[in-house]
Structure formats: structure tokens, C-alpha cells
Amino acid sequence: MSELPENWVETTVGEVTLPIAKINQTKDVNKKIYYIDISSIDNKSHKVTGGKSYTISEAPSRARQIIKSGDVLFLTVRPYLRNIAAVPKSLNGEIASTGFSVLRPANEIEPQYLFHLCISTPFVNKLSGIQYGVSYPAVKDEQVREQTFPLPPKNEQKRIVEKIEELFSQIDAGEAALKKAQALIKQYRQSLLKAAVTGELTKEWREKNKGKIEPADKLLARILTERRKAFNGRGEYKDPTLPNRPNLSELPKVWEWTTLDAVTSFITSGSRGWAQYYSTEGSRFYRVGNLNRLTIEIDTEDLQRVSPPCNAEGLRTKVSKNDILLSITADVGMVGLASDTSEDAYINQHLALCRPVNEKTAEFISWALASDTTQRQLNNKKSGITKDGLTLIDVRNIFVPLPPLKEQETISDLLRLALSQLDHFHKQMILTHRLFQAERQSILKAAFSGKLVPQDAKDEPASVLLDRIKAERASTSNKATKSTSKQKKPAATSPRKRVSK
């Protein structure tokens, strides 16, 4: 830590926080409590946004720590996820998981000063650097309390908190405006896709090219002929089920409703058990996280790689150019078009691979799947007891609009141009959000080095403050010890009641 102002003191979190009381889960088993655990914390806003009601007998074994207004909850599991929150007045006296380090500021410490220190990047990074364990990396409560605490005079703590909140409120206003703009872009994107897949986007184009366009029914007839040929040698051919047009929304006269099955020669899903084939330098392995609904491009930044076996199963799930990928479990309806086949790629079991009969239709069909019109179909088709998902039969029966081929090309050109501009704005907003986050941390850095507000020579030195805090801690510890000794009873002869987990 940088050199502190003259009237500050460098101490530890443990030296400025008080002991925490815990409930006895063998007593008052019918008493109702409100329980705060990891799922109760929003790690973006750093607020408690939920909780669950239990009787003590029903509560999880971790429901032990009695919290008070102003306490800071610092989750010790995976500290880098920043599950940190201040306890509001509405939760005073409720119960928190033992997975939290509950930091209760002494009376001489401004609660918000402690809270802002805990959400600062240096504080979190220091703890993340000493976490232990692999599956559930964590730190110990005592390690949190061992962290450095720059202690200013009491009055300066108040000035610092006021300044932080003033500056943060300005950033909050900027971020609120940014979220509205992002929502508008998302809304406009979906409106654009809707216009594209209903024919509204190319209405004027059709008027200009009236009589020159080959209707989509002829295109569909050719596709069905090619589909039958492509099926040759792969078992018994089954005609696709075509939609009953009167039951679907109206399309331009030269368009046709069809099904995904009718315009594809091959639909399959990925294989399970590919973990044994994971490698660091193998082929691409596409998962749900590589797809999205904002664009049909496949995200290759966070790729799992595999070295699959050279057998029929490997070939079945291998991605070819212009294959359409669709997520069918987990986050259903994410879409990707395999336009880049510079590397071999395969899919996992959460994706369906759809191979268009005519490659020139692949881009438009991908846009159609990403549109709200088709997404509503997917939501209606979801099924399953433990989680929502689609079967391959569901995928084959998805209705998609089919414009004339030339119009598809025009739609794709117009969409790419408009969406590229939206993507530019979206990237600028992401950058702005990062700048806001960096500005917050810059403010906190200045605050805890004594550079955010001026010092006042009239303020009582922090060293005197620390002496009073030590006395308060000693008094609180003595009271806790006496209270515990009063509660002690002779060993019971009957077995202890088992507490429900």
C-alpha cells in the first residue's frame, strides 16, 4: 500500500471489526429465520437481492451467523466472483451462511467505508491470490480479517464516504443511460430481424423487381428434389412434413412457409462423453456459449478443443461449411452459422446441427431462427421435467419462412450492413461500461490512499481512534465469553437431536 497521510494508521480488518454471534441450532427449532446464502447476493450491484425463509430445524447447517445492519458479507468461496454486499436495515437480526466472512465494523468505523474497501480491486485480488482448493477455491475467514485496513480519522471517513457516493451516483446515472441505450439497440435489432423475416425490409425491393423474381415455391420444389437425391444410400427416404399455410401468419405472395426439415438434408445432435477427447491443440468443439441471438456469428474466443476418434460418431457430429447450429438444451434457441471452416469443428450434445440442402439459403434460415418470430416457436416447443429442451423432432418441425433466393441475398446484404453499425455501437457501449468500472476503482484507490478528500489537521488522529476500537473489541469479546459460559450445561445423557439439513 502507498504511504498514508500523517494522521492515518495502517491496521487490519480484524482489528476494526467486532465478533459475530451464532445461533444454536438445537434451540428454538420452530423459530422462523430469513436465510442469506451465496444465491442471495448480486455480485454486480453488491446488494442482497434475495433469501429464503425457514424454521431453524429446516434450515441448512450453514445457517448460523446472526447479521446486523451495516455488516459486510464477503463470500469466502471463489472471492474473485466478488459476491460482496452490505447488510441493509431490513435484514437486521437475520441469518447468513457460514460461507460468508461477516465483517461487523466497530462503532468508530463508518460501515460504508469498510464496504467500499472490500469491493475494491486490490482487496479482492489479494484474497484471490491466496485462495486454496481446486473444485471450490476459497479463503478462510481469518485471511479476510488479516487484510490491510487503512484507517483515517472518524470525520475523514465520513467525508470519504460522502465523496465516494457523490461520484458513484454520477457514474450510476451514466450507466443507467447506457443500459437504456443498450436495450434500445437490442429492441431495434429484433425489429430489424422481424422486418427481414416477414418481408417488410425488402418491400420496396420486391416492388421494383416485380415479375423478375422466381417465386419461392419453385425454389422449394428444387430443394425437395435435391433433398431426396442427397438422401440416396442413407436408408429409407421420408418426405418432410410441410406446414399448413392457413394456420401461419401471412407472408408476401412470392414467399413460402416451410419447415426446417424440408430445407435440410441432415439434422443431428452432438455426442455425450467427449470429455475424454478434450485437448489443448485439437479441433474446435462448439458449445452453447459459442452461440448467441444477437448475431449468427460463432464466437471462437472461448473454445474447448477436442481430438475426436476417426469413426462414424466423429464424422456424424463434424461441422461442415454453412451448417446451422442451434442450442436445444440449457439456453434454448442460440444460433450460429458455420461460415468459417478453416479448422475442423464438432458439436456437443447441447447443440443441433442442421445442414441446408441449398447452401445459399443457410444465412437467411439462420437469421430466421434468431428472430423473435421463431424464438417464440422454440419456447412453445420446450419440454422436459428436469430442464427445458428440444427434441430433434421439435427441431425438424420448426416453421421457417422461405423467400425467393435473390431476395434472401438482398435481405442478408441489408442485414449485414445495418447490424454491423449496431455492432459498432454495441462495442462502444461495452468500452464505455469498462471505463465506468475503471473509474469506480480509480475513485476507490484515491479514497484508500488519502487522496480523495483533503485532510483536516483538527481531526482526531486515527491512532486515538484505534485505541478506542481496541477497547470496544475487548469489551465485546468479554461479554461474548460471559454469555457463552452462562449457557454451558452439564453433558446431556440423551443423544443430541439431529438438525435437518
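Modeller: In this predicted model, glutamate 256 has leucine 402 as its bridge partner in E22. The pairing to which this bridge belongs joins E13 and strand E22 (residues 399-402), which are antiparallel and share four bridges. Strands of a sheet pair through backbone hydrogen bonds, in either a parallel or an antiparallel sense. Strand E13 (residues 256-259) is covered on both faces: Glu256 and Thr258 are buried on one side, Trp257 and Thr259 on the other. In a regular strand, side chains alternate between the two faces of the sheet.

The largest nonpolar core has 46 residues, and Leu260, Ile324, Val335, Leu369, Val395, Ile398 and Leu415 have the most contacts inside it. E22 is one of the elements that give two or more residues to this core; the others are helix H4 (154-198), helix H6 (216-230), strand E18 (324-327), strand E19 (335-337), strand E21 (351-356), helix H8 (362-370) and helix H11 (405-447). In soluble globular proteins, nonpolar side chains tend to be buried together.

Leucine 369 illustrates the packing. Setting aside neighbours within four places in sequence, leucine 369 is in contact with Ile324, Val335, Thr374, Gln375, Ile398 and Val400. Leu369 is also one of the buried residues of H8, which include Phe364, Ile365 and Trp367. H8 as a whole is mostly covered, with eight of its nine residues buried. Another core, of 42 residues, lies apart from the one described above and has Phe123, Val139, Phe149 and Leu466 among its members.

Asparagine 322 lies in the loop between helix H7 (312-316) and E18, and its phi is positive, about 70°, although it is not a glycine. With a relative accessible area of 15%, asparagine 322 is under the 20% limit and therefore counts as buried. Histidine 46 lies in the loop between strand E4 (41-42) and strand E5 (47-48) and counts as buried at 11% relative accessibility. Most residues other than glycine have a negative phi.

The structure holds nine aromatic pairs. Tyrosine 35 and tyrosine 54 form one of edge-to-face type, at 6.1 Å centre to centre with 65° between the planes. This pair links distant parts of the chain: tyrosine 35 is in strand E3 (residues 32-36) and tyrosine 54 in strand E6 (residues 52-55), 19 residues apart. Tyrosine 35 is buried, with a relative accessible area of 5%.

A stacked pair is formed by tryptophan 274 and phenylalanine 285, at 5.2 Å centre to centre with 15° between the planes. Tryptophan 274 is in the loop between strand E14 (264-269) and strand E15 (278-279), and phenylalanine 285 is in strand E16 (residues 283-286), so the pair ties together parts that are 11 residues apart in sequence. Tryptophan 274 is buried at 6% relative accessibility, and phenylalanine 285 is buried at 1%. Trp274, Tyr277, Tyr278, Phe285 and Tyr346 form one aromatic cluster.

Four strands make an open sheet of mixed pairing, in the order E15-E17-E16-E20. E15 and strand E20 (345-347) are at the edges with a single partner strand each, so one side of each has no neighbour in the sheet. E15 pairs with strand E17 (residues 304-306) in the antiparallel sense over two bridges, and tyrosine 278 has valine 306 as its bridge partner in E17.

The charged end of lysine 140 sits over the ring of tyrosine 132, 5.8 Å from its centre. The charged end of arginine 440 sits over the ring of phenylalanine 168, 4.9 Å from its centre.

E8 is antiparallel to strand E9 (residues 84-86) over three bridges and to strand E11 (residues 100-105) over four. Valine 72 stands opposite alanine 86 in E9 and has leucine 103 as its bridge partner in E11.

As to confidence, the mean pLDDT of the protein is 89, with 92% of its residues at 70 or more. Over residues 487-501, pLDDT stays under 50, and the model has 12 contacts beyond four places in sequence for this segment.

Terms used
Residues numbered from 1 in each chain as written. Predicted model: local features only at pLDDT ≥ 70, side-chain atom pairs only at ≥ 80, totals over all residues. Heavy atoms only, no water. Buried < 20%, exposed > 50% of the residue type's maximum accessible area, 1.4 Å probe, protein only. Pairing = 2+ DSSP bridges. Phe/Tyr/Trp six-rings, centres within 6.5 Å; stacked < 30°, edge-to-face > 60°. Lys NZ or Arg CZ within 6 Å of the ring centre and 35° of its normal. pLDDT = per-residue confidence, 0-100. Contact = heavy atoms within 4.5 Å. Core = buried A, V, L, I, M, F, W, Y, C linked by side-chain atoms within 4.5 Å.
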